[in-house]
Amino acid sequence: MDRNMEYKIRKVMASYYKRKWTGVGICAIAIIYLIYLGIFKMDYRISLVVGGFASLLLTLSIFIVYITLAAVMVFVLMSASAVISETLMKDCDPYLFEACLNRLTILFYKDRIACNHAMAQYYQGNFAQAWETLQRINIYKLKGRFRFNYYVLLCALHFRNGTGERVAELEKTYRAGIRNKKDQKYFQMLCADNNLFRAMENRDYESAFRFVKEREELTGKMSYPWHRVLFDMKEARIYAAMGENESARLKLRHVVERGGSLFCVEEAKELLEKITGVKEVWEPKAGEPGQIEEPETEQAGEQKQEPETVQTGEPGQIGEPEQEQETVQIEESV
């Protein structure tokens, strides 16, 4: 592991533990507060002093304050988990995400952590390892987003492995476990992703665009670069398969520029080379994951030029590219 990666891990984990122990401290204060007032102060003598009704109001106020402290504690602990989640969703760095997961001390919810490991491995492009990790997970211990992420990854890997016919059975299993409206929405998102794969296999590009837009609408407001990169990659594949190379090129450039170390970045570079007939040389900016630096011009004040290119052949239409699945934001309990 290089020094730069170790520095990033320590920085993320320091922020994580700072927020985590702040949450634990708030929890301790809430417990001490409840014990002090509920046991040592709220005895029978308080009723003699302030009266029965006033005593009831005082008791309610104590529990309201306690509940408020508990809510603050939960929020702080969730924000601690978000620090690790953002390494994937904001920085688009699945390697840093998995490295931080490896630093956690796991006492509970081991299957949830394993699901996040599988997600990191999938977006690194390590599909074989992601498959093995998913096989070790007890699906009955997952719920909500974790359960959704499990099925999304598993279905995507089946399509990649050429066993897409098994996905219909997975959809039926997921549907049988729906418990609320949120699960129903997740099921719609899962079906939209899987239908996109099917549409691309059938070269039904009009339907493919419809499923991409449906998936975007179901995801809602996208506040992280991770979402936009993955959707742009899906649209770029459709444009490229249709022969609309200019539209595909614009989408692919955004994927390369903002995709960090996601596996789809390398796929985007290869696809760009195929549709443009040139090989672009990308130079990442120091300290900015997922960014590229345009080659400097010869003289100061001149406009920056396009990235250096190497001619590799004539531009032309390519065959249908593979699709890659996108998951929703990671559950805030890493």
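Predicted model: local features only at pLDDT ≥ 70, side-chain atom pairs only at ≥ 80, totals over all residues.

Reader: Okay, how many helices and strands does the protein chain have?

Author: The protein chain has 13 helices and 2 strands, where helices (H or I, at least four residues) and strands (E, at least two) are DSSP runs numbered from the N terminus.

Reader: And what share of the residues counts as buried?

Author: Of the 334 residues in the protein chain, 46% count as buried, and here buried means under 20% relative accessible area, exposed means over 50%, and partly exposed is in between (1.4 Å probe, protein chains only). Among contacts in the protein chain with a separation of 6 or more, 69% are between residues 24 or more positions apart, a contact being heavy atoms within 4.5 Å.

Reader: Let's take helix pairs. How do H9 and H10 cross?

Author: The axes of H9 and helix H10 (residues 205-219) come within 8 Å and cross at roughly 160 degrees; axes are lines fitted to C-alpha atoms, for helices over the stretch in contact, and angles run from 0 to 180 degrees between N-to-C directions. The two helices H9 and H10 are therefore roughly antiparallel, since angles over 145 degrees count that way, under 35 as roughly parallel, 65 to 115 as roughly perpendicular and the rest as oblique. The crossing of H9 with H10 is left-handed, a term used if the near helix is turned anticlockwise from the far one by less than a right angle, with right-handed used if clockwise.

Reader: Which residues of H9 and H10 meet there?

Author: From H9 they include Met189, Ala192, Leu196 and Met200, and from H10 they include Ala208, Phe211, Val212 and Leu218. By class, the residues of this contact of H9 with H10 divide into 10 nonpolar, 4 polar and 4 charged, where Ala, Val, Leu, Ile, Met, Phe, Trp, Tyr, Cys and Pro count as nonpolar, Asp, Glu, Lys and Arg as charged, and the others, Gly among them, as polar.

Reader: What about H9 and H11, at what angle do they pack?

Author: Helix H9 (residues 181-201) and helix H11 (residues 225-242) pack at about 15 degrees, with axes 12 Å apart, which means that H9 is roughly parallel to H11. The H9 and H11 crossing is also left-handed. Asp193, Leu196 and Met200 of H9 meet Lys234, Arg237, Ile238 and Ala241 of H11, and this contact of H9 with H11 has 4 nonpolar, no polar and 3 charged residues.

Reader: And which way does H6 lie against H7, parallel or oblique?

Author: Helix H6 (residues 127-135) and helix H7 (residues 144-160) pack at about 135 degrees, their axes 10 Å apart, and that makes H6 oblique to H7. On the H6 side the contact is made by Phe127, Ala130, Trp131, Leu134 and Gln135, and on the H7 side by Tyr150, Leu153, Leu154, Leu157, His158 and Arg160. These residues of H6 and H7 count as 8 nonpolar, 2 polar and 1 charged.

Reader: Switching topic, is H4 mostly covered or exposed?

Author: Helix H4 (residues 94-102) is mostly covered, with 7 of its 9 residues buried, among them Leu96, Phe97 and Cys100. At the start of H4, a side-chain oxygen of Asp93 reaches to within 3.2 Å of the backbone nitrogen of Tyr95.

Reader: Last one, where is Gly243 found?

Author: Gly243 is in the loop between H11 and helix H12 (245-258), and counts as partly exposed at 30% relative accessibility. The C-alpha atoms of Gly243 and Ile275 are separated by 8.5 Å, although the two residues are 32 residues apart along the chain.

Terms used. Residues numbered from 1 in each chain as written. Heavy atoms only, no water. Polar contact = N/O pair within 3.5 Å; in protein donor to acceptor, adjacent residues only side chain to side chain.
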